[in-house]
Amino acid sequence: LIPFTPDEQTGLERLNYYCEEGLPKQYKYTRNKSLGVDNSTKFSIFLAHGSLSPRRIYHAIEAFEDEHGSSKSTYWVKFELTWRDFYRYQAMKHGPALYAQGGIQAQSIPWQHDSTMIQRFEDGQTGYPFVDAAMRELQRTGYMSNRARQNAASFFANNLHQDWRIGAAIFEKYLVDYDPASNYGNWQYAIGIGNDSRSQKYFNITKQAKKYDAAEYIKTWVEELQGLQDKHVYEPWTMTEGEQAMYDFQYGEDYPERVVDFRATINQTKQWFD
């Protein structure tokens, strides 16, 4: 759980702690981890509630650099602040297109509206462990990492083929650091209808989970998979009957089967964008 209340005092304490502990020096190398309080700044919670200003955070990092030297990590902390501002200017520029079905690129995609599929996504019952872990964490805590958000958004639109705005609204419903410009802007970016030179993009969620070593994260939120070895946590559907018996685990009963085929749904999405 994220142990913060979004008030000014807590925000200042978090900012001071983050700098005093030297955490700006490691941000670039830890920010994609899914578990832990200090792997990323967690400033978004206070920024969203107006408890900390971007300017105060920026100057705090500048002061840290004056004392400890600048690095790729301190640069990325400041960069994320400018990225946040970028989405605000994009919202001012594009107005209602921030919420348009085709995004600011005005893409014509036949998004669907399957209430059962949407509920499976919201409840973390898709059969894809990384997505399910992210959505269960979101429901229970109001938070998930940026890496998890991008993967979940891509899966919702590019694999489930549901109207991306419904997914963005689910995030809006739960996020403790919800901000309209960042939320809807990042959703458009993650699925290739926003600020990106590519006409279509997607995240390979299983590959991403392995790349960022998310097995412990998955086990934390998907209790059904806690007894499995890490190599099986990412793709439980690949387990043999013997392996399932060894764990006293039955795929499809103890954990839901995949709601869609990843590659087939990605290929369909590519055709829509082509």
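Ser-51 is buried, with a relative accessible area of 11%, where buried stands for under 20% relative accessible area, exposed for over 50%, and partly exposed for what falls in between (1.4 Å probe, protein chains only). The model is predicted, so that local features need pLDDT of at least 70 and side-chain atom pairs count only at pLDDT 80 or more, while totals for chains, interfaces and linings use all residues. Residues are numbered from 1 along each chain as its sequence is written, and side-chain values use heavy atoms, with hydrogens and water left out.

**Surroundings of Ser-51**

- Ser-51 belongs to the loop that runs between helix H3 (44-48) and helix H4 (54-68); helices (H or I, at least four residues) and strands (E, at least two) are DSSP runs, numbered from the N terminus.
- Leaving aside residues up to four places away in sequence, Ser-51 touches Pro-6, Asp-7, Glu-8 and Phe-46, a contact being defined by heavy atoms within 4.5 Å.
- The side chain of Ser-51 also reaches the backbone oxygen of Pro-6, at 2.4 Å; a polar contact is a pair of N or O atoms within 3.5 Å, of which, within protein, one must be able to donate a hydrogen and the other to accept it, and residues adjacent in sequence count only if both atoms are side-chain atoms.

**The chain as a whole**

- The protein chain contains 15 helices and zero strands, and 52% of its 274 residues count as buried.
- The radius of gyration of the protein chain is 19 Å, which agrees with the value near 19 Å for a compact globule of 274 residues; the radius is taken over C-alpha atoms, and the globule rule is 2.2 Å times the number of residues to the power 0.38.
- Along its principal axes, the C-alpha trace spans about 60 × 45 × 30 Å.
- Among contacts in the protein chain with a separation of 6 or more, 69% are accounted for by residues 24 or more positions apart.
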